[in-house]
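Hi,

Here is the structure I promised to pass on. Have a look at it first, and then read my notes below.

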Amino acid sequence: MYPLRRNRRLRTNEAIRSLVRETVITPNDFLVPLFVVEGKGIKDEIASMPNYFRYSLDLLEGEIKELWSLGLKSVLLFVKVPDHLKDNKGTEALNPNGLMQRAIKTIKNVCPDMLVMTDVALDPYSSFGHDGIVQNGMIVNDESTAVLSQMALTHAQAGADFVAPSDMNDGRTLQIRQLLENEGFKNTGGIMSYSAKYASAFYGPFRDALDSAPVDLVDVPKDKKTYQMDCGNRIEAIRETLMDIDEGSDIVMVKPGLSYLDILRDIKNEVDVPVAVYQVSGEYAMIKAAAEKGWLNHDQVMMETTMAFKRAGADIIASYFAKDVVKILNG
C-alpha cells in the first residue's frame, strides 16, 4: 500500500515505460486496405480520405513493394467498378478477368509472399449499391449468397490467400466454405468473415472511394439495416461470430472499430480464432480533419487509437493508418 507501493515508479521515464508496457504494436499486427481502379498511371487521392489513394494496377506494384519494405505483409483488396459494368446481380464480380482477379495476380507476381485478402461483397458491383440482390424492395438472402460464394471462388482461383465476406447475409460463410472445399481449396482457401459488422454511419468516405453507396430509388432499401447489425446490440454480435466460426471462418472481424471496442473485447473473450478489427474510413477521416484544424496531434491520436484496438483484443488491425504507424515504429 501507499507509500510503500508507488505506481509512478514504473512511469518515471520512457525506458521503464517501454519495459513494462503491457501492449505492444508491431508491423505484423496490420492488414492494409487497398483501393484499385482501372486504367494506367493512376494514383488518385480520395477527397474524403486525405493522403489515401486509389491505384491502377501498374502503380499498385510500387505500393506493394513499399509496403513489404516497411514490414507490412498483408493487404485487403477493394475495387472501384466502372458504372457500365454494374447490375443488380453483380455479374462482373464473377468475371475471371475482372479488376479484382487481375489485382490479385498483379500482387502475387510482384510479391508472392504478400498475404492477399479480398473483399467479397456485391456493393461495388451493384447498380443499387447493396451487398446483395434487390427484389421487390428487399435484399434477398439466398440468391445473394449463391453469387457471393461464386465470387469468392474466382478470387481463390486467381491466387487470393483469404476471402473476406463483408455482406452480413445469413449463411454465406458456410456456402463459401463448402464451395472452396469442393473445388480443392482446403488448405489455401482461408475465410475472414466480417462477423460483427454494424450498420454504421462511419462508412461514408469508404463509399465515396468506391462509389458504392446505396442509391436513392423507390423500391430500393435506403440503407443496409436489414442485413447489417443494429448498433444497439451486443449479445447478437457474439451469436453472429460463433455462427461464422461454426460455418468455417478462420478469422472473425468486428467493424467499425473505435465505437465498438466493447464488442471486440466480448468476442475476444469468447472465441479461439484470431480476431480482426477494422478502423474504418470515418474514423480515419475524423482524425485527419481534426488534425488539419489543429485541434489534436495527428500522430499521437493515431498511435493512441491503434493501441486501443490492440489492447481491446485485436489480433489483426485493418487500418488506413498502417503505413504511417509503421513508419513511426521503424523510427
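Is strand E3 (residues 49-56) largely enclosed by the rest of the structure or exposed? 6 of its 8 residues are buried, so E3 is largely enclosed (buried means under 20% relative accessible area, with a 1.4 Å probe and protein chains only).

Before going on: this is a predicted model, where local features need pLDDT of at least 70, side-chain atom pairs need 80 or more, and totals for chains, interfaces and linings use all residues. Residues are numbered from 1 along each chain as its sequence is written, and side-chain values use heavy atoms, without hydrogens or water.

E3 has two partners to look at. Strand E1 (residues 30-37) runs parallel to E3, joined by 3 bridges, and valine 37 sits opposite serine 56. Strand E2 (residues 43-46) is antiparallel to E3, with 4 bridges, and a hairpin of 2 residues links E2 to E3. In that pair, glutamate 45 faces phenylalanine 53. (Strands are DSSP runs of at least two residues, helices of at least four; strands pair if DSSP finds at least two bridges.)

Now the helices. H3 (residues 99-110) and H4 (residues 141-158) pack at about 25°, with axes 9 Å apart. That makes H3 roughly parallel to H4 (angles under 35 degrees count as that). On the H3 side, Met100, Gln101, Ile104 and Lys105 make the contact, and on the H4 side Thr154, His155 and Ala158 (contact means heavy atoms within 4.5 Å).

Lastly, glutamine 228 lies in the loop between helices H6 and H7, and counts as buried at 4% relative accessibility. Among the residues glutamine 228 touches are Asp131, Lys197 and Arg207.

Cheers

Conventions:
Axes are lines fitted to C-alpha atoms, for helices over the stretch in contact, and angles run from 0 to 180 degrees between N-to-C directions. Angles under 35 degrees count as roughly parallel, over 145 as roughly antiparallel, 65 to 115 as roughly perpendicular and the rest as oblique. Buried means under 20% relative accessible area, exposed over 50%, partly exposed in between (1.4 Å probe, protein chains only). Lists of a residue's contacts leave out its neighbours within four places in sequence.
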